[in-house]
Amino acid sequence: MGTRTPEQRLVAALARSAVEAAAPDELPLFEETCDEYLRRPARGDRGFDDPLGFGLDTALSVLTFGALAAAQSAAVFVALEVRSSVREESSSTIRAWTKRLFRRLQPPDDVAGAAESAEVEVPALTPEQLRRVREHAYEQARAFHVPRREAGIMADAIVGRLSLPDEAE
């Protein structure tokens, strides 16, 4: 696993939750698939004749690709919601707020930015925001030809992960 940005770590954490819930048999290849995806995010309109153009054994990771796309869609949506909620705030406050919101998804040894974000109050996502995150994640998984049942499980896992209370609370 290479060095990942905070956004990439968020996508990986959300996608891992989705794969654990919907396709646990794909977990052994998760990190390799995730690294490839994050190096070159794919688009659902590509089709699966050449799934994403990656050199991995894609037949073994098809649901993982869908989970990564769904997680990325959810992360982008949440980031947009954060920005829209604090539009009047300074960019440093927005960065701190975003870091604090996703801190619980970071590996335990990743404490960078904790002091910066400790002062910022982060409200939980509203039920409506969580519903919309689920909708975005589900639609993106389906765009990657993930079956309806598994797409629903993935979307629920992503929302569940985002709904966890902050460990500091």
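Mentor: Happy to. The largest nonpolar core has 38 residues, and Val-133, Met-154, Ile-158 and Leu-162 are those with the most contacts inside it. A nonpolar core here is a set of buried Ala, Val, Leu, Ile, Met, Phe, Trp, Tyr and Cys residues joined through side-chain atoms within 4.5 Å. Buried means under 20% relative accessible area, with exposed being over 50% and partly exposed in between, using a 1.4 Å probe and protein chains only.

Two notes before we go on. This is a predicted model, in which local features need pLDDT of at least 70 and side-chain atom pairs count only at pLDDT 80 or more, while totals for chains, interfaces and linings use all residues. Residues are numbered from 1 along each chain as its sequence is written, and side-chain values use heavy atoms, leaving out hydrogens and water.

Now the setting. The protein has 7 helices and 0 strands, where helices (H or I, at least four residues) and strands (E, at least two) are DSSP runs numbered from the N terminus. Of its 169 residues, 44% count as buried. Contact means heavy atoms within 4.5 Å; among contacts between residues at least 6 apart in sequence, 69% join residues at least 24 apart.

Back to the core and who builds it. That largest core has 38 residues, and the elements that give two or more residues to it are α1, α2 (30–39), α3 (62–85), α6 (127–143) and α7. Helix α3 gives the most, with 12 residues.

Leaving aside neighbours within four places in sequence, Ile-158 is in contact with Leu-14, Ala-18, Ala-67, Ala-70, Ala-71, Ala-74, Val-133 and Ala-137.

Take α1 with α7. Helix α1 (residues 6–22) packs against helix α7 (residues 148–163) at an angle of about 135 degrees, and their axes are 8 Å apart. That makes α1 oblique to α7. Axes are lines fitted to C-alpha atoms, for helices over the stretch in contact, and angles run from 0 to 180 degrees between N-to-C directions; those under 35 degrees count as roughly parallel, over 145 as roughly antiparallel, 65 to 115 as roughly perpendicular and the rest as oblique. The crossing of α1 and α7 is right-handed, that is, the near helix is turned clockwise from the far one by less than a right angle, anticlockwise being left-handed.

The contact of α6 with α7 divides into 11 nonpolar, 2 polar and 4 charged residues. In the loop between these two helices you will find His-145, which has a positive phi of about 65 degrees although it is not a glycine. Most residues other than glycine have a negative phi.

On to α1 with α2, which pack at an angle of about 140 degrees with axes 11 Å apart; they are therefore oblique to each other. Their crossing is right-handed. Gln-8, Val-11, Ala-12, Ala-15, Arg-16 and Val-19 of α1 make the contact with Phe-30, Glu-31, Cys-34 and Leu-38 of α2.

Leu-68 is buried, at a relative accessible area of 0%. Leu-68 and Val-11 are 57 residues apart in sequence, yet 6.7 Å apart in space, C-alpha to C-alpha.

Finally, look at Ala-23, in the loop between α1 and α2. Ala-23 is buried, with a relative accessible area of 1%, and touches Ala-18 and Leu-63, not counting residues up to four places away in sequence.

Methods
Nonpolar A, V, L, I, M, F, W, Y, C, P; charged D, E, K, R; others polar.
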